[in-house]
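Visitor: I'm new here and would like to know how the labels get attached. Could you walk me through it?
Guide: Happy to, so let's look together.

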Amino acid sequence: MFDLKDLYQEVIIDHSRRPRHFGKLADSNREAEGFNPLCGDRLVVALIVEDGLVRDVAFEGVGCAISTASASMMTDMVVGKAESEARALFRQFQELVTRKAPPTADELAAIEKLAALTGVRAFPARVKCATLAWHTLAAALDEQHEAVKTE
């Protein structure tokens with residue numbers, strides 16, 4: 001029988017091993033650095049934002065499988081989105097991985113493949129790994145120049 005948890009694990013492994021939008025982004029006009037002192041994950045998120053749209057995004061750095069997979073999935077999800085949509089997606093993702101109650105089927109459908117990461121809510125230290133890229137994205141959107149930390 002098909003197990004949804006197996007699919008989720010496959011998605012995370014795939015994005016961790018073959019991250020999308022990984023590398024330097026030429027001509028970026030917004031950038032932020034993020035750091036998780038608990039485990040050492042460190043990344044930079046770079047954006048090209050024009051007319052309120054995230055035209056392109058990339059990340060680089062080092063991190064655990066959860067951190068890398070989350071950054072990869074995030075970049076896939078926000079390219080082509082309005083800044084407001086990217087911020088809303090961050091808030092929605094943050095809510096689903098930090099609250100105690102499990103997400104509903106509708107909530108999981110709304111965040112598409114990011115649903116694979118919602119299991120981290122059972123492991124508080126891993127929540128920081130999953131949300132680091134998102135906090136860094138928000139800092140880049142806000143043009144915040146101070147490094148983002150998960151502590």
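Visitor: Is phenylalanine 59 buried or exposed, and what makes it so?
Guide: Phenylalanine 59 has a relative accessible area of 3%. Buried means under 20%, so phenylalanine 59 counts as buried. Keep in mind that this is a predicted model.

Visitor: What about phenylalanine 22: why is it called partly exposed?
Guide: Its relative accessibility is 45%. The label buried needs a value under 20% and exposed a value over 50%, so phenylalanine 22 lands in between and is called partly exposed.

Visitor: How do you know that the rings of phenylalanine 22 and phenylalanine 59 form a pair, and what kind of pair is it?
Guide: The structure holds two aromatic pairs. In the pair you ask about, the ring centres of phenylalanine 22 and phenylalanine 59 are 5.1 Å apart, and the planes stand at 80°. Rings pair if their centres lie within 6.5 Å, and planes over 60 degrees apart count as edge-to-face. Both values pass, so phenylalanine 22 and phenylalanine 59 make an edge-to-face pair.

Visitor: Which parts of the chain does that pair tie together?
Guide: Phenylalanine 22 sits in the loop between helix H1 (4-17) and strand S1 (30-36), while phenylalanine 59 belongs to strand S3 (residues 53-62), so the pair links parts that are 37 residues apart in sequence.

Visitor: Let's step back. How many helices and strands are there, and in what order do they run?
Guide: The protein chain has five helices and four strands. Starting at the N terminus, the order is α-β-β-β-α-α-α-α-β.

Visitor: How do you know whether the radius of gyration agrees with that of a compact globule?
Guide: For 151 residues, a compact globule would come out near 15 Å; the protein chain has 14 Å, so the two agree. The C-alpha atoms fill a box of roughly 45 × 30 × 25 Å along the principal axes.

Visitor: Which charges does the chain carry on its side chains?
Guide: There are 18 positive and 23 negative side chains, and the centres of the two sets lie 5 Å apart.

Visitor: Why is leucine 117 called buried, and what does it touch?
Guide: Leucine 117 has a relative accessible area of 0%. The cut-off for buried is under 20%, so leucine 117 qualifies. This residue is found in the loop between helix H4 (105-110) and helix H5 (124-141). Leaving aside neighbours within four places in sequence, its contacts include Ile12, Ile66 and Phe93.

Visitor: And asparagine 36: is it buried or exposed?
Guide: Asparagine 36, in strand S1, is buried, with a relative accessible area of 0%. Not counting residues up to four places away in sequence, asparagine 36 touches several residues, among them Asp41, Lys128 and Glu151.

Visitor: What makes leucine 53 partly exposed?
Guide: Its value is 26%. Partly exposed covers what lies between buried, under 20%, and exposed, over 50%, so leucine 53 gets that label. Leucine 53 lies in strand S3. Leaving aside neighbours within four places in sequence, leucine 53 is in contact with Ile48, Gly80, Lys81 and Ala82.

Visitor: Where does histidine 21 lie, and what is its phi?
Guide: Histidine 21 lies in the loop between H1 and S1. Its phi is near 60°, a positive value in a residue other than glycine. At 30% relative accessibility, histidine 21 counts as partly exposed.

Notes: Residues numbered from 1 in each chain as written. Predicted model: local features only at pLDDT ≥ 70, side-chain atom pairs only at ≥ 80, totals over all residues. Heavy atoms only, no water. Helix = DSSP H or I, 4+ residues; strand = E, 2+ residues; numbered from the N terminus. Rg over C-alpha atoms; globule rule 2.2 N^0.38 Å. Lys, Arg positive; Asp, Glu negative; His and termini not counted. Charge placed at Lys NZ, Arg CZ, Asp CG, Glu CD. Phe/Tyr/Trp six-rings, centres within 6.5 Å; stacked < 30°, edge-to-face > 60°. Buried < 20%, exposed > 50% of the residue type's maximum accessible area, 1.4 Å probe, protein only. Contact = heavy atoms within 4.5 Å.
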